[in-house]
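Opening the notebook on this one.

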Amino acid sequence: MPGDLTTVQNEESFYKNGENYWSEVPATVDGMLGGFGHISGTDIQGSKTLLRQIFSSNNSPGRTAALDCGAGIGRITKFLLCPFFDKVDMVEQNAAFLKQAQDYLGPHLYSEKIDKIYSTALQYFEPDFEKYDVIWIQWVLGHLTDDDFVIFLKKCRNGLKRNGVIVVKENITSSDQVDVDEKDSSVTRPLSLLKLLFIKANLECSRLQKQIHFPKGLYNVYMFVLKPKSADGNPIRNITKE
Ligand SMILES: C[S@@+](CC[C@H](N)C(=O)[O-])C[C@H]1O[C@@H](n2cnc3c(N)ncnc32)[C@H](O)[C@@H]1O
């Protein structure tokens, strides 16, 4: 249903309904991806390509610590972040998903790679100060109101180490409208609104990439590499498409 965030009139029920929706979802890859578990490999491949580009750029981030936000059962943690980073933290509001993550990741990854697991909603979470090289936020920001989106990104900015980056990977509407999904209590935002929210969070987008090879009929998915805005910087630069 087309609309805008003013349709999220009751913040409390917006969050409660989202939490209730996810409490009914199976703790599987298919559950995490709304029945599209088969696109997981393509998704991870696109993200790996982006991470490699990030690591080969000037002033690239380190590989010590990453944070997976809205981590679910750990699909991204397992296939994307663990191979690249020494340690990975996860934050997720659904405790059952985090419990399943232990089995899903397996004993080796779980004990060797996972550092901290935060069982909390993003709107209440604050990353440790200057801890992370990369903060990965995928397919979860639609569950935050615009205000909480900006507050959360500001907290993430403070959680970055020197040269650290935030990567946001999200669905984008093809119109200039916000789509509201009352079933899972989420919104899908247009590119223009996301760019505005990044600016409000004092972040600049150093790379914007479109995920390729997803099935037709799905929303377009974009990856944004975000850095703390430099004093004189143009907020959006180096826009590229895959
Ligand atoms: C579409 S799934 C994506 C999971 C994971 N990012 C992935 O790509 O495999 C959305 C996840 O966000 C979590 N979630 C929803 N609202 C949240 C919130 N306010 N704070 C933290 N996690 C939330 C859900 O429980 C679910 O695990």
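How many nonpolar, polar and charged residues are in the shell around the ligand? I get ten nonpolar, seven polar and two charged; here Ala, Val, Leu, Ile, Met, Phe, Trp, Tyr, Cys and Pro count as nonpolar, Asp, Glu, Lys and Arg as charged, and the others, Gly among them, as polar.

Ground rules for myself. This is a predicted model, with local features needing pLDDT of at least 70 and side-chain atom pairs pLDDT 80 or more, while totals for chains, interfaces and linings use all residues. Numbering runs from 1 along each chain as its sequence is written, and side-chain values use heavy atoms, without hydrogens and water.

Ligand entry. I find 19 residues around the ligand (a heavy atom within 4 Å), and Gly-70, Arg-75, Glu-92, Leu-122 and Gln-138 come nearest.

Next I looked up polar contacts (N or O pairs within 3.5 Å). A polar backbone atom of Gly-70 is 2.8 Å from a ligand nitrogen. Polar side-chain atoms also face ligand nitrogens: one of Gln-123 at 2.9 Å and one of Gln-93 at 3.4 Å. The protein buries 97% of the 600 Å² that the ligand exposes when taken alone (Shrake-Rupley, 1.4 Å probe).

Cysteine entry. I count zero disulfides, meaning cysteine sulfur pairs within 2.5 Å.

Methods: A polar contact is a pair of N or O atoms within 3.5 Å; within protein, one must be able to donate a hydrogen and the other to accept it, and residues adjacent in sequence count only if both atoms are side-chain atoms.
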